[in-house]
Every structure is written in structure tokens, then in C-alpha cells.
Amino acid sequence: MDEQPILLVEDDEIDVMAVQRLCRKGRVSNTLLHVSDGEAALALLRGDDVPERPLRPLLVLLDLKMSPMGGIELLEALNDEGSLPELPVVVLSGAKQPAEIARCQELGARDYLQKPLTLEELHRVTAKIGLKWTLGEEL
């Protein structure tokens, strides 16, 4: 059985390293794929390079503030294509702004977590949306 990867869409290297560390600490053995902006994520999810195999990740962890395409623009694009309902997207942001949270929920994001992400929050949100990742051996 192929494990579904987790897609991290994040442009800050420190935040990328923090999520990688959390996955190791939590013994998550699903591959963590990383792209640094919404355009790259959209290309993977559409299967631009391999049309017969678009990426269907277990979970998308999505930063909002990126360029050239940010998180809200990616959510809008996925919504326009009709592929968002099947993708569990969790937004990660450094600021908790009510209008931003409402817009993300309106666009279909399953949850909104404030950075820095904790292992407890990651477990809570994945349980809430019914995801089960693959756990490896103790490190």
C-alpha cells in the first residue's frame, strides 16, 4: 500500500524545519513534500508534470503569506477547479486574524492553526478531520 504524502506549502525555511522536526518527533512516516509557494503546490496537485498522476496528499499544510501565489489564492484556485472538497487543507499562519480565518473557512480549509505548530495541535486537527497517518518506529 502506498502511503499518501503530506504536502507542506511554506516559504519560511525555519517553519519548514519546525514541521519536519514535529513529524520526526511524532514518528510520522508519511513523506513530507515541501514546496515554497502556491504556484508550485497547484502544479503538483494538478499533475502539471505528470497529468495522469496528480498529487493527492493525505494532508496539505498551507501557509498564507507567500509570493507569487499565497495560500488564499491557492485555496481560491482549488475551489474554482472543484478539487478542494477532496483535499484536507489546514492553514498555518503567524497571525490570528478573524477575517482571514473566515475567508479560509469559506474557501474550504478544514482548520486554521497559529504558528508555531505543536505536535498536540497537529494531532488534534488530524483527529478532528479523520486523518490517520502512518507511524514509524521510535527514533
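**Reading the labels on this model**

Me: Why is Lys128 called exposed?
Reply: Lys128 has a relative accessible area of 52%, and exposed means over 50%, buried under 20% and partly exposed in between (1.4 Å probe, protein chains only). Lys128 is therefore exposed. This is a predicted model, in which local features need pLDDT of at least 70, side-chain atom pairs count only at pLDDT 80 or more, and totals for chains, interfaces and linings use all residues. Residues are numbered from 1 along each chain as its sequence is written, and side-chain values use heavy atoms, with hydrogens and water left out.

Me: What makes Lys128 and Asp111 a salt bridge?
Reply: Their closest N and O atoms are 3.2 Å apart, and the rule asks for a side-chain nitrogen of Lys or Arg within 4 Å of a carboxyl oxygen of Asp or Glu.

Me: Is Asp111 buried or exposed?
Reply: Asp111 is buried, because its relative accessible area is 12%.

Me: Why are Glu81 and Arg46 called partly exposed?
Reply: The relative accessible area is 38% for Glu81 and 40% for Arg46, so each falls in the partly exposed class. Glu81 also forms a salt bridge with Arg46, with closest N and O atoms 2.5 Å apart. That pair links helix H3 to helix H2, 35 residues apart.

Me: What makes Lys115 and Asp15 a salt bridge between distant parts of the chain?
Reply: Their closest N and O atoms are 3.0 Å apart. Lys115 sits in the loop between strand E5 and helix H5, while Asp15 sits in helix H1, 100 residues apart. Salt bridges also link Glu10, Asp15, Asp63 and Lys115 in a network.

Me: How do you know that strand E3 is largely enclosed?
Reply: Five of the five residues of E3 (residues 59–63) are buried, so the rest of the structure largely encloses the strand. Leu59, Leu61 and Asp63 cover one side, and Val60 and Leu62 the other.

Me: How do you know that E3 pairs with E1?
Reply: Pairing needs at least two DSSP bridges between two strands, and E1 and E3 have four, in the parallel sense. One of the partners is Leu61, for Leu8.

Me: What makes a nonpolar core here, and how many residues has the largest?
Reply: A core is a set of buried Ala, Val, Leu, Ile, Met, Phe, Trp, Tyr and Cys residues joined through side-chain atoms within 4.5 Å. The largest has 24 residues, and Leu62 and Cys104 are among those with the most contacts inside it. H3 gives the largest share, four residues.

Definitions and conventions: Helices (H or I, at least four residues) and strands (E, at least two) are DSSP runs, numbered from the N terminus.
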